[in-house]
Amino acid sequence: MQDRMMTATTAERETVPQRLYSALRLLDRIPHDLIALIARLSIAAVFWQSGQTKVEGWHVTDNAVYLFQTEYKLPFVDPWIAAHIAAFSEHFFPILLVIGFASRLSALALLGMTLVIEIFVYPDAWPTHGTWATCFLVIIAGGPGRIALDHFIARRFGRAV
């Protein structure tokens with residue numbers, strides 16, 4: 001009984017900043033597994049959709065190659081090769097992210113692609129690319145979370161992801 005009274009008295013003495021801090025501490029309880037899953041799925045969707053604009057069936061479109069010739073103009077890479085690599089990467093790595101397999105490697109590959117886009121293609125789009133990079137860095141630094149094949153494989157072999 002006395003503990004309850006002490007708790008109530010203590011709560012009454014808490015200042016507004018202390019109460020705000022206590023409320024904000026609740027955010028620390030958001031599990032990384034959820035954050036990583038949302039990061040993986042959302043960024044995978046962005047790149048998958050971009051990849052879909054480059055293909056028709058199983059073929060890279062002439063329009064995609066044309067964009068690499070005229071608008072994207074990557075240095076040191078033939079536009080035909082660049083269009084095919086981009087189309088492949090924008091389909092392959094998002095699939096891996098969704099299922100959570102080789103997640104850190106996939107995130108690293110797409111982060112590299114994002115850096116190329118930022119540096120050579122759309123340097124003024126840094127707010128968008130920064131958002132993408134944040135999703136990738138969450139996965140690279142913290143891992144894919146427990147809702148991923150990587151986690152199940154690592155658990156099977158007794159290793160942390």
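Ser89 sits in helix H5, which runs over residues 79-99; helices here are DSSP runs of H or I with at least four residues, strands are runs of E with at least two, and both are numbered from the N terminus. The model is a predicted one, so to speak of local features a pLDDT of at least 70 is needed, side-chain atom pairs count only at pLDDT 80 or more, and totals for chains, interfaces and linings use all residues. Residues are numbered from 1 along each chain as its sequence is written, and side-chain values use heavy atoms, with hydrogens and water left out.

Back to Ser89: with a relative accessible area of 11%, Ser89 is buried (under 20%; exposed is over 50% and partly exposed is in between, using a 1.4 Å probe and protein chains only). Setting aside neighbours within four places in sequence, Ser89 is in contact (heavy atoms within 4.5 Å) with Pro94, Leu110 and Met113.

Over in helix H6 (residues 103-121) there is Leu111, also buried, at 12% relative accessible area. Leu111 touches Ala133, Phe136, Leu137 and Ile140, residues up to four places away in sequence not being counted. Ile140 is 29 residues from Leu111 in sequence, and their C-alpha atoms are 9.6 Å apart.

Now for helix H3, residues 32-52. The buried residues of H3 are Asp33, Ala36, Leu37, Ala39, Arg40, Ile43, Ala44, Phe47 and Gly51. Looking down the axis of H3, these buried residues fall within an arc of 160°, so they line one face of the helix; the arc is taken from the directions from the helix axis to the C-beta atoms. Their cover includes strand S1 (55-56), H5, H6 and helix H7 (126-142).

Lastly, the pockets. A pocket is an open set of points on a 1 Å grid over the protein atoms alone, where a 1.4 Å probe fits, with protein on both sides within 12 Å along at least five of seven lines; lining residues have an atom within 4 Å of a point. The largest pocket is lined by 25 residues, and Phe68, Ala86, Met113, Val116 and Ile117 lie nearest its centre. H3, helix H4 (62-72), H5, H6 and H7 each give two or more residues to that lining. The second largest pocket has 13 lining residues, with Val55, Gly57, Trp58, Ala87 and His91 nearest its centre. H5 supplies the largest share of this second lining, six residues.
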